[in-house]
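Take a moment with the sequence and the model. The paragraphs below walk through the sheets, the helices and the core.

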Amino acid sequence: MKYIDEFRNHDLVATLTEAIVRRSKKPVRIMEVCGGHTLAIRKYGIQQLLPEHIELLSGPGCPVCVTPRISIDRAIALSRLPGVIITTYGDLIRVPGSRSSLNQERAQGADVRIVYSTLDALDIARTNPQKKVIFLGIGFETTTPSSAVAILEAERQRISNFFLLSMHKVMPPAMGALIDQGIRIDGYIGPGHVSAVAGADMYHALVEKHGIAVVIAGFEPVDLLQSIYMLVCMNEEGRHGVEIQYKRVVTPRGNTKACEMVNHVFDSCDESWRGLGMINGSGLSLKEQYSRMDASLQFDVQVEPLPEPAGCICGEVLRGMKKPAECRLFGKTCTPANPIGACMVSGEGACQAYYQFR
Ligand code: SF4
């Protein structure tokens, strides 16, 4: 409790808010690219503490949200194959595909199982040797190491019926792509968990290329306000660079063992993001030596790209161009109980965070 009190301390919050107001003269647009930050900013009313000329934007930080519709359709097509068990983290099964969702497929008899770890998926493969078990790998640098572990363990234990559909993504190319696409962003609140794994150094190329400020933040109100203060100072002084506010967790090099494992198992590839399109070098595919476990190569399913549902503006929300409440479906036909678009599915999706704390 002492730990939590320290980072939710009212006096500290008031002091930081005053410091931001005093220091900030120029308009500034700050984007968070972590679903956990989106949720915390809404939950603690951080935007409401700031002067009007400091605008907080939600970016492509929720793994479920940025997984494009065609990837969901591919997972659904895989779930319809005979003898296949789909294993996945919970939120993904509720994401609408073009005509169905994994949840609906499960209701109609497909074997779709929620797991809490990739090793659970591996256990399912071990205990169902007559089936083909596919794990749907989504997420950023935070979840990729656990997919790498599953691949290495499957090989070590000679489990031949385990497959990975890698939809994993890496964050810095998407942060750069948003700037290339003309979105005005003066600074990024850097993702805390992603950076804990991959290290703060991974943003250096991005900040040098785009002259942008990145401050890696924790998830409590004091963390977020201190990070915003640091970004405001950098903006006022015309500085760019990478700074770490979340020093109790994030280091420059991150978890080197996890990074080594990821580099051992995956190659960089181009990847499609919902709302952002194809981004060079933003994905991870299994290296050739693990191709026998690569579901994208071992299963032949054809899916064609179909448009987002009429009225859904998830793509613009994920690029920080529009706020969820600007969607005409928000809170009407689209709610957490009945999500029309991916951003309303997960608690870390911008639309659900705005809905829960509206
Ligand atoms: S409110 Fe629903 S339909 Fe609208 S952008 Fe968000 S997820 Fe899409």
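This is a predicted model: local features need pLDDT of at least 70, side-chain atom pairs count only at pLDDT 80 or more; totals for chains, interfaces and linings use all residues.

Residues are numbered from 1 along each chain as its sequence is written. Helices (H or I, at least four residues) and strands (E, at least two) are DSSP runs, numbered from the N terminus.

Start with the sheet of five strands. It is open, its order is β2-β1-β7-β8-β9, and the pairing is parallel. Two strands pair if DSSP finds at least two bridges between them. β2 (54-58) and β9 (241-244) stand at the edges with a single partner strand each, so one side of each has no neighbour in the sheet. Neighbouring strands are turned by 25 degrees against each other on average, direction ignored. Inside this sheet, three bridges join β1 (residues 28-32) to β7 (residues 187-190). E32 has I189 in β7 as its bridge partner.

Contact means C-beta atoms, placed from the backbone, within 7 Å. Axes are lines fitted to C-alpha atoms, for helices over the stretch in contact, and angles run from 0 to 180 degrees between N-to-C directions. Helix α3 (residues 35-43) lies across β1, β2 and β7, at about 120 degrees to β1. α13 touches β1, β2, β7, β8 (213-216) and β9, and makes about 160 degrees with β8.

Now the other sheet. Four strands form an open, parallel sheet in the order β4-β3-β5-β6. Its edge strands are β4 (111-114) and β6 (162-166). Four bridges join β3 (residues 84-88) to β5 (residues 132-137). There, T87 stands opposite F135. Helix α6 (residues 69-79) lies across β3, β4, β5 and β6, at about 140 degrees to β3. α9 lies across β5 and β6, at about 155 degrees to β6.

Which residues of α9 are buried? They are T144, P145, S147, A148, A150, I151 and A154. A residue is buried if 20 or more other C-beta atoms lie within 10 Å of its own, exposed if 12 or fewer, and partly exposed in between.

Last comes the core. A nonpolar core is a set of buried Ala, Val, Leu, Ile, Met, Phe, Trp, Tyr and Cys residues joined through C-beta atoms within 7 Å. The largest one has 113 residues, and I30, I134, L136, I151, L164, V214 and C343 touch the most other members. Helix α13 (residues 221-237) gives the most to this core, with eight residues.

Terms used: Two residues are in contact if their C-beta atoms, placed from the backbone, lie within 7 Å.
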